[in-house]
Amino acid sequence: MARCHLHKFGGSSLADADCYRRVAHILLTHGHSDDLVVVSAAGKSTNFLYKLLELSTTKQLWQEELQTLISFQQNLIEQLLSNEQARSLRERLSNDKAQLISLLSLESINDYQSNQVVSFGERWSARLLAALLRESGVAASDVDARTLLIADEAAVPQIRLQESRQRVHTMTETHPNERLIITGFICANERGDTLLLGRNGSDFSATLIASLADIERVTIWTDVEGVFNADPNKINDAKLLSSLSLAEANRLAHLGSPVLHNRTLQPLFDTQVSLAVRSSYASHTDFTLIAPKSSSASAPVVTNLSSVALFNFELKTDFGQLIELLEETGLNPLAHWELAQGRVELTVTLENQKQVLALLDVNRDALGVSNIKITEDLGLVALVSADANLYRRGFARLLSRNARPLFNDGMSLVTLVPQGQVNLLTQKVHRRCAGPRKRIGVLLLGVGNIGEAWVELFSNAKAALNKELEASVELVGLVSSRKALISDEGIELDSWKQAFEQHATPWQYSHLFEELHDLECDEVIALDISASADLTLQYPEFFARGIHVVSANKLAGSGPLTFYRELKQQLDNRRLFWRYNASCGAGLPVQHALNDLHNSGDSIEAVGGIFSGTLCWLFENFDGKKPFSELVIEARGLGITEPDPRDDLSGRDMQRKLLILAREIGFEIELEDIELKSLVPAHLAELSLEQFLARIGDLDADMQQQFVAAAEQDKVLRYVASLDKVDGKLKAEVGIQWVDISHPYANLTPGDNVFVIRSEFYQNNPLIIRGPGAGRLVTAAAVQSDLAHICRDLLQE
């Protein structure tokens with residue numbers, strides 16, 4: 001029966017006696033009696049052995065370093081083994097010391113002898129771990145990989161797979177039910193000379209032996225828990241990946257991931273071997289499993305290299321031919337671009353730079369390479385995912401002008417930027433593309449007519465908005481004047497009314513804020529679709545708790561100046577958003593236009609218009625033939641006015657809207673600074689609604705007189721708000737005006753709003769915005785637009 005598991009332990013997992021005990025415990029609790037184990041040299045032993053070679057010409061110095069290394073090994077033996085086991089290993093270590101002295105004393109050390117010196121680190125580790133397991137009553141033997149892995153010599157030894165497979169199978173068959181502790185990093189040529197497998201050679205040994213032995217799983221135990229979706233040392237909210245496809249892991253390794261080397265992964269292709277990456281310091285924690293085949297993409301991973309080499313040159317032959325040549329020689333480019341006029345660019349790691357340059361020089365004539373330029377002050381930022389195309393737009397939006405266009409090979413998105421921008425762009429890409437999916441909770445304050453229309457709009461727009469933002473925007477709360485329903489799980493949009501009726505409970509602000517605080521949302525946005533003054537007084541508390549606000553309610557934007565300033569100051573102090581386009585003009589883009597003019601460098605000099613659909617309807621239909629009061633009663637019957645028509649006729653609503661616009665363009669004024677000429681005579685203002693309606697005819701005489709007088713001058717009556725600078729002083733008023741029949745105010749569709757903006761750029765021909773300024777659908781649309789803008793602002797970085 002084939003063995004199921006191979007464990008590999010790196011030098012950091014074998015750094016001291018406690019580490020060896022921890023490894024032995026892992027093998028006893030996470031393994032089986034016939035597991036294979038591959039080990040690296042303990043701690044920094046390999047570095048010491050290389051240093052001995054460097055110092056071999058200075059006898060006194062290398063002898064001191066050798067004694068330090070031997071003492072380290074002796075201490076491990078004494079701390080871990082009993083007398084009998086320790087005696088055997090001390091004798092073998094003494095023989096090894098004699099061999100090292102003999103090798104280092106040679107006048108000239110050849111490559112094989114150097115390799116033999118370096119190989120002692122792994123051999124000591126295997127020997128000591130096997131002895132420690134035997135000390136625990138476990139059958140275990142150490143195995144020198146030079147007896148298993150036979151290779152042809154090259155820059156990197158090329159394993160003879162068939163011969164090595166036979167040796168591995170022979171070894172496992174002759175040692176049944178025994179843990180075999182195998183040296184990593186080393187192999188041998190056909191004569192038995194020691195060869196080294198190079199960088200990350202022990203990890204490569206592990207996956208290679210696993211593939212040769214038909215092992216089901218390799219676990220590489222190291223000092224990290226696995227593969228994260230970003231470098232956890234640089235990205236605070238980097239998350240451990242539970243799984244990763246082999247193709248994704250391979251691309252990530254090619255792009256410089258510090259956890260896995262791409263060479264380690266190569267033996268796993270075309271096998272059924274899975275690879276786990278786990279922490280030997282926390283064996284109980286979650287880990288990453290790399291599957292040989294995967295039908296679904298893993299979470300995206302962001303990685304970077306602080307410095308790379310960018311080659312720019314002219315190429316006469318097919319670019320694909322060059323890429324194939326590079327890959328055949330193991331010099332896989334990190335990214336490449338075909339430019340205009342026969343120029344191409346490719347980027348490689350700094351360690352491959354000299355080899356790539358040499359390859360281009362050797363093949364200069366055959367490939368038609370000329371005018372090579374190399375740039376070294378660039379860094380690389382990449383996102384790896386089998387679904388890389390899903391993140392292309394989000395990644396591309398983050399690129400500055402000096403970034404290279406995205407290279408997309410279907411498995412990764414790669415760009416190059418100046419080295420100083422690498423970390424910042426990495427963080428932005430992680431937040432936008434690879435970080436936890438943002439969850440934005442929406443609280444609807446006002447579930448009446450407009451609120452119902454908004455839910456319908458949101459239901460239709462939600463899927464597209466979530467896809468565009470690559471986030472989850474959910475309705476998490478419904479609040480009326482009496483009851484509230486807050487649900488962290490989200491409220492189903494197709495049954496929200498039933499849910500509210502069945503589960504909503506009476507509420508107070510203190511309890512409401514506590515429930516909002518407990519929501520598992522990255523951001524919360526409150527939609528105030530009410531006319532509640534009490535609610536607007538809570539805006540400071542919303543902002544203090546980090547909750548963004550969309551207002552259709554105009555009372556906050558037109559409240560006392562000190563209150564308005566306080567709200568704006570809270571926004572400045574934190575990354576918070578308050579949008580209130582729906583409070584003036586409903587769905588008309590009035591505030592958008594004012595902001596655009598300001599951002600373009602324009603200076604707004606005057607704003608005016610008819611901001612009430614009700615008053616527009618009344619004056620467009622008032623032709624002097626029917627008393628004005630009868631029109632008011634008719635409009636009330638049609639639902640055009642408020643239940644108490646004086647709320648419209650007073651002009652107070654238009655006065656508040658004009659104040660909102662005035663403050664939006666920079667005028668810090670109070671409501672009282674806007675002169676208000678009400679259509680309701682003082683003697684009617686304080687009456688009950690019933691009394692007012694009984695005496696509403698009192699409006700008619702004055703209105704009829706003004707109509708006739710205006711008509712004699714070819715003018716019409718309109719109720720207008722205006723804000724202007726006259727002789728350097730601000731003049732703001734709301735009231736009846738006589739306007740020319742050719743004026744933009746004179747010919748409106750009844751119920752429309754019209755806004756006229758005069759600025760430095762728009763003098764003789766002012767900017768006019770006209771359309772429905774009220775109504776459930778257009779107001780709901782304005783609220784939805786503001787919500788979408790805030791979501792985009794929150795996710796733009």
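Student: What relative accessibility does Asp740 have, and what does it count as?

Tutor: Asp740 has 38% relative accessibility and counts as partly exposed. The cut-offs here are under 20% relative accessible area for buried and over 50% for exposed, with partly exposed in between, using a 1.4 Å probe and protein chains only. Before we go on, a word of caution: this is a predicted model, in which local features need pLDDT of at least 70 and side-chain atom pairs count only at pLDDT 80 or more, while totals for chains, interfaces and linings use all residues. Residues are numbered from 1 along each chain as its sequence is written, and side-chain values use heavy atoms, with hydrogens and water left out.

Now for the partner of Asp740. Its side chain meets that of Lys715 in a salt bridge, at 2.6 Å from N to O; the term means a side-chain nitrogen of Lys or Arg within 4 Å of a carboxyl oxygen of Asp or Glu. This pair links distant parts of the chain, with Asp740 in strand S29 (residues 729–740) and Lys715 in strand S28 (residues 715–726), 25 residues apart. Strands are DSSP runs of E with at least two residues, helices are runs of H or I with at least four, and both are numbered from the N terminus. Lys715 is partly exposed as well, at 22% relative accessibility. Elsewhere, salt bridges that share partners join Asp152, Arg160, Glu163, Arg167 and Glu190 into one network.

Glu474 and Arg439 meet through their side chains in a salt bridge of 3.1 Å, N to O. Glu474 sits in strand S20 (residues 472–479) and Arg439 in strand S19 (residues 439–445), so this bridge ties together parts that are 35 residues apart in sequence. Glu474 is buried, with a relative accessible area of 15%, and Arg439 is buried too, at 14% relative accessibility.

Then there is Arg579, whose side chain meets that of Asp786 in a salt bridge of 3.4 Å, N to O. With Arg579 in strand S25 (residues 578–579) and Asp786 in helix H29 (residues 776–795), the pair ties together parts that are 207 residues apart in sequence. Asp786 counts as buried, at 0% relative accessibility.

Stepping back, the salt-bridge count comes to 36. The protein carries 75 positive and 103 negative charges, and their mean positions are 3 Å apart. In that tally Lys and Arg are positive and Asp and Glu negative, with His and the chain ends not counted; each charge is placed at NZ of Lys, CZ of Arg, CG of Asp or CD of Glu.

As for the overall build, the protein has 29 helices and 31 strands. Its radius of gyration is 39 Å, well over the 28 Å that the globule rule gives for 797 residues, so the protein is more spread out than a compact globule. That radius is taken over C-alpha atoms, and the rule is 2.2 Å times the number of residues to the power 0.38. Taken along the principal axes, the C-alpha atoms fill a box of roughly 120 × 65 × 45 Å. Buried residues make up 52% of the 797 residues.
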